[in-house]
Amino acid sequence: CYMMHPGVFKDFTQTKIHLNQNRTQFLELLAEIGKIVREYLEMQIEAGADVLQVFDSWAMILSAEEYEKFIVPSLVTTLSNLSRPVIFFAQGTSH
């Protein structure tokens, strides 16, 4: 969201519009972000982290169905098979 909305926003409408109008590009961006996050988590392990924690600060802008369809596949790829436990927190959502 912050990459598409410099500054402070509460609803990130433009992010949802971009997701719906440029789905392929949006998913490619998520995949690239996932690779970078994965590299960062692996560096944390190398530095001695016993547990990893990942926040999705804007998970609440998507419905459960949208989150499952668009976000979860990238999360699974990013967080799978790490050698440390991962705490994942999706703010403001029950999904």
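The protein chain has an accessible surface of about 6,500 Å², and 57% of that belongs to carbon and sulfur atoms (areas come from the Shrake-Rupley method with a 1.4 Å probe, and for residues only the protein chains shown count as cover). What you're looking at is a predicted model, in which local features need pLDDT of at least 70 and side-chain atom pairs count only at pLDDT 80 or more, while totals for chains, interfaces and linings use all residues. Residues are numbered from 1 along each chain as its sequence is written, and side-chain values use heavy atoms, with hydrogens and water left out.

**The overall layout**

The chain holds three helices and two strands, in the order α-α-β-α-β from the N terminus. Helices (H or I, at least four residues) and strands (E, at least two) are DSSP runs, numbered from the N terminus. Along the principal axes, the C-alpha atoms fill a box of roughly 40 × 30 × 25 Å. Of the 95 residues, 31% are buried, where buried means under 20% relative accessible area, exposed over 50%, and partly exposed in between (1.4 Å probe, protein chains only). Take the contacts (heavy atoms within 4.5 Å) between residues at least 6 apart in sequence: 72% of them join residues at least 24 apart.

| Helix | Residues | End-to-end C-alpha distance | Expected span |
|---|---|---|---|
| α2 | 24 residues | 35 Å | 34 Å |

Leaving aside neighbours within four places in sequence, I71 is in contact with L30, D56, L62 and E66.

The buried residues of α3 are E66, Y67, F70, I71, S74, L75, T78 and L79, and their cover includes α1 (13-21), α2 (23-46), β1 (52-56) and β2 (86-90). Just past this helix, N81 has a positive phi of about 60 degrees.

Over in α2, the buried residues are F26, L30, G34, R38, L41 and I45. An α-helix has 3.6 residues a turn, so residues three or four places apart point the same way. The cover on the buried residues of α2 includes α1, β1 and α3. After α2 comes G48, with a positive phi near 110 degrees.

R38 sits in α2 and counts as buried because its relative accessible area is 18%. Not counting residues up to four places away in sequence, R38 touches T77, T78, L79, S80, N81 and L82.

**The strands and the core**

β1 and β2 run parallel and are joined by five bridges (two strands pair if DSSP finds at least two bridges between them). L52 stands opposite V86 in β2.

Finally, the largest nonpolar core has 20 residues, and L41, L52, L62, Y67, I71, L79 and L82 have the most contacts inside it. Such a core is a set of buried Ala, Val, Leu, Ile, Met, Phe, Trp, Tyr and Cys residues joined through side-chain atoms within 4.5 Å. Two or more residues of this core come from each of α2, β1 and α3, with α3 giving the most, five residues.

Technical notes:
The expected span of a helix is 1.5 Å times one less than its number of residues.
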